[in-house]
Amino acid sequence: MKNLKVSLVAIMLVLFASCSHDDEVQREDNAAVALKNQSANAQMPYVENGILFFNDRSHIDQYYEYLDEMIHTKQEEAINNQANATVDAILDQFESQFGGFTSFRKRYNQQYDWDRRRYSKQEILSILESTVIKGMEQSYFNSDHELGIGNKVYIYHSKDIVIEVPKNRQDIIDDIKNLPKGTNTIPAVLLTGEYQEINIISDTMEMGTKMHLQVDMNLSYDSTPILENKNCDVYEKALGMTLIENILDEEDNTTSSLEYTYEFANITIDWGDGSTPTVSSYSTHSGELIWHTYTSMGTYTATVTIGFYDLNGVYQVMSDPITVIVADACTDANGTVVDSVSDSQWLLVGQLTVSNGFFGANRIEGRSDAYKKDGSSWVRANRRRHKPYLKVYVSGKFRDNNCVQKAHKEGTAQSTHANTKIKIKTKIWGRYDHSNGDVYSEHRLQKGSTYLSLDLVYNPC
């Protein structure tokens, strides 16, 4: 099972649907100016149970852009004052106001100690590519991968899966906290047993409506259909079924819930497009998927039906419908591109991150990092001692569900004394997609006779 998605977060599109594109851009420009003018009085999030909480997604977008502006301003002030203010030093001081909160970024930097520890080029790229939380999101997720918005807590389970839990269900939050992070596997018992309480947010997979079968006073079953969409291939879909076996006590309380471990006696999938249903006998387990190619765009109602033998040896049948949407030539998938270029003394590492609006606006973020040769390894450059010129430029096209371009955003951050430069651009007023080549970044490093140039392109398909 790759990715999951129960329901995407609410977007503010309705509020602004009647506005023109020019009005949108003007509002965004005005909002950006107002934020810069009032950055000293920017509304800060609050901490509860070690989690940074925001009022809503608009709040988190303002905070995100405030961080971008604040970091740039502090870096320039440090150059003028000949102070040593790295991006991480600036954020360490800024985050200290949030008592009881430890950011993922801080724990991540403590683990890898980029300013002192030596790494090979391949080690640097491998660490960056495998890190679950990307970009500036590292600064407001805590070390347990948790973020609060309103009355919900969002937990990064892997780079493709986010789990949404009600703020008042600390028991579920604690259960998820103990799960291994970084994999696309979530225990089916958690998904089905707490299905009314949690949402699984991702780019390419959905779970349908849970069905319940009460066999007797001590035994019941819950089934949930699963739909997977193949990235950037709108016609390829896969369906399957998750089945949970529940043992009950005399008071109808669940004493144990386990995923059904045997093969289904049979599984039948009616794809809803008029094609011949797929039938498989004694070859499919709970959670396994069967692929199908649709031939035309549209919305279809598919049905997954399973036959299986319950704990008492009685043959049972459960059937669940699920909606399949075949549409959208673009994609809203999250993604990060990482690459590097070097000479004998300097290493330039570039990162291009695309975030599709799970936690607010669509964002594009470029980051350049300078490393200096130390023996046979690399260590992040010291901005005061090494003084490299560093630049990052990021550009992106934002498209609607029909792949029509609605906006273009670009920005540059550069400095003559920096070991890290970051630039963030956001599109707040809706949920947007990207096509191949829409988002790209330019990264530059110059010191003495060294001139390193790196261009990155985001190709989701």
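Visitor: In β24, which residue is the bridge partner of valine 394?
Guide: This is a predicted model, in which local features need pLDDT of at least 70, side-chain atom pairs count only at pLDDT 80 or more, and totals for chains, interfaces and linings use all residues. Residues are numbered from 1 along each chain as its sequence is written, and side-chain values use heavy atoms, with hydrogens and water left out. Strands β21 (residues 389-399) and β24 (residues 439-447) run antiparallel and are joined by eight bridges; strands are DSSP runs (E, at least two residues), numbered from the N terminus, and two of them pair if DSSP finds at least two bridges between them. In β24, valine 394 is bridged to serine 441.

Visitor: In β3, which residue is the bridge partner of phenylalanine 53?
Guide: Strand β2 (residues 51-54) has Ile51 and Phe53 pointing one way and Leu52 and Phe54 the other, and all are buried, that is, under 20% relative accessible area (1.4 Å probe, protein chains only). β2 pairs in the parallel sense with strand β3 (residues 146-149) over two bridges. In β3, the partner of phenylalanine 53 is glycine 148.

Visitor: Which residue takes a positive phi in the hairpin of β1 and β2?
Guide: Strand β1 (residues 46-48) runs antiparallel to β2, with three bridges joining them. Glutamate 48 has isoleucine 51 as its bridge partner in β2. The hairpin has two residues between the strands, and the positive phi, near 55°, belongs to asparagine 49.

Visitor: With which side chain does the side chain of threonine 426 make a polar contact?
Guide: Threonine 426 lies in strand β23 (residues 420-427). Threonine 426 counts as buried because its relative accessible area is 4%. A polar contact is a pair of N or O atoms within 3.5 Å; within protein, one must be able to donate a hydrogen and the other to accept it, and residues adjacent in sequence count only if both atoms are side-chain atoms. At 2.4 Å, the partner is the side chain of glutamate 65.

Visitor: Is tyrosine 309 buried, partly exposed or exposed?
Guide: Tyrosine 309 belongs to strand β15 (residues 298-309). Exposed means over 50% relative accessible area, and partly exposed lies between that and the buried limit. Because its relative accessibility is 39%, tyrosine 309 is partly exposed.

Technical notes:
Helix = DSSP H or I, 4+ residues; strand = E, 2+ residues; numbered from the N terminus.
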